[in-house]
Amino acid sequence: MIEFKHVTKRYMSKTALRDANLKLDQGKIIGLVGLNGAGKSTAMKLIAGLVTPTKGSIEIDGEKVTRRIASKVSYLSELDEYYAFYTVQQTIDFFATQFKDFNKQKAEEIRAYMNLDTNTKVKHLSKGNRGRLKIILTLSREVPVLLMDEPLSGLDPLVRDSIVKGLITFVDTEKQTVLLSTHQIMEVEMILDEVLAIKDGEIVDHRNVEDLRYDEQQGILEWMSAIYE
Ligand SMILES: Nc1ncnc2c1ncn2[C@@H]1O[C@H](COP(=O)(O)OP(=O)(O)OP(=O)(O)O)[C@@H](O)[C@H]1O
C-alpha cells in the first residue's frame with residue numbers, strides 16, 4: 001500500500017502539493033488526473049523518492065520513502081539521451097544489469113507483443129516506438145509499484161491502444177499497483193480501478209470507478225467535468 005501522510009511539497013515559493021493524505025491499495029490500477037501544473041508529476045516523483053516532501057511523509061508497504069525506494073518502484077519519466085546510441089536490445093540488456101528485479105523474459109514478451117525491432121537505435125525510434133520501449137522497460141521490473149507519467153501523451157491512436165492493451169496484459173494485478181497520469185482518460189477508463197483528482201496542488205477526490213458507474217451512474221468524464229468546470 002502507498003500512503004501519503006500530510007504531504008506538502010514546495011519548490012521555492014510554489015506549493016506543488018498541499019497537505020495530501022492518501023491511501024492506494026495493492027493490486028489496483030489508478031488513474032491520476034489534473035490540469036497542467038496541478039501536481040501530478042510531483043506526486044509521482046515523491047512516491048519514487050526523486051523529490052522529498054517539505055512536510056509529511058510517504059510510505060510504501062510501511063517503509064518510509066527515501067531515495068533507496070527505487071528497489072520497490074519502477075518509474076521512467078523520460079528515456080535518457082544517454083541511451084541514444086544503444087539499440088532497443090542493448091537498452092533492455094542494460095536495464096537488466098541495473099535492476100535485480102528486471103525480468104528479461106517478460107521484456108522479450110512485451111517487445112514481441114509490441115512489435116518493436118531489437119536492432120533499431122534509440123535515437124532512430126519514432127516517438128511512438130520510444131513510448132513502447134518505455135513501457136517495456138517499466139513493466140519488466142517485478143516491483144510492487146509502477147508509475148507512469150503520461151504514457152499516452154503525443155502518441156497516435158494505434159500506439160495508445162497497444163500500450164493500454166499491454167498494460168492489462170503484462171501488469172501483475174495481484175501484486176502490482178499502477179499509478180498512471182493521463183489527459184486521455186477515456187482511453188484508459190476500461191482498465192482503471194480507481195481515479196484520483198488533483199486540483200491546484202490538492203487531492204480533491206479519490207473514487208472507485210465501479211462505484212462511480214453503478215452507485216452514482218457516472219462515467220469518469222462526467223465525474224471530471226463536475227470537478228474541473
Ligand atoms: N523543479 C521545480 N521547480 C519549481 N517549480 C516546479 C518544479 N517542478 C514543478 N514545479 C511547479 O509545481 C507545480 C506542479 O507541477 P507538476 O509538474 O507536478 O504538475 P503536473 O500536474 O504534472 O503538470 P503537467 O500536466 O503539465 O505535466 C507547477 O506549478 C510547476 O510549475
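This is a predicted model: local features need pLDDT of at least 70, side-chain atom pairs count only at pLDDT 80 or more; totals for chains, interfaces and linings use all residues.
Strands of a sheet pair through backbone hydrogen bonds, and they can do so parallel or antiparallel. Here you'll find six strands in an open sheet, and if you read across it the order goes β6-β7-β8-β3-β9-β10, with mixed pairing. At the edges sit β6 (73-75) and β10 (202-208), each of which pairs on one side only. Going from one strand to the next, the twist averages 15°.

Now zoom in on one pair. Strand β7 covers residues 145-149 and strand β8 covers residues 177-181, and the two pair in the parallel sense over five bridges. To find your place, look for L147, which stands opposite L179 in β8.

Next, see what packs on this sheet. Helix α1, made of residues 40-48, touches β3 (29-33), β6, β7, β8 and β9 (194-199). Its direction makes about 150° with that of β7.

Finally, let's turn to a pair of helices. Two packed helices are described by the angle between their axes and the distance between the axes. Helix α3 (residues 104-113) packs against helix α4 (residues 127-139) at an angle of about 155°, and their axes are 9 Å apart. An angle over 145 degrees counts as roughly antiparallel, so α3 is roughly antiparallel to α4. Their crossing is right-handed.

Which residues of α3 and α4 meet? From α3 come A107, I110 and R111, and from α4 come I135, I136 and L139. Sort this contact by class and you get five nonpolar residues, one charged and no polar.

Key:
Residues are numbered from 1 along each chain as its sequence is written. Two strands pair if DSSP finds at least two bridges between them. Helices (H or I, at least four residues) and strands (E, at least two) are DSSP runs, numbered from the N terminus. Axes are lines fitted to C-alpha atoms, for helices over the stretch in contact, and angles run from 0 to 180 degrees between N-to-C directions. Two residues are in contact if their C-beta atoms, placed from the backbone, lie within 7 Å. Angles under 35 degrees count as roughly parallel, over 145 as roughly antiparallel, 65 to 115 as roughly perpendicular and the rest as oblique. A crossing is left-handed if the near helix is turned anticlockwise from the far one by less than a right angle, and right-handed if clockwise. Ala, Val, Leu, Ile, Met, Phe, Trp, Tyr, Cys and Pro count as nonpolar, Asp, Glu, Lys and Arg as charged, and the others, Gly among them, as polar.
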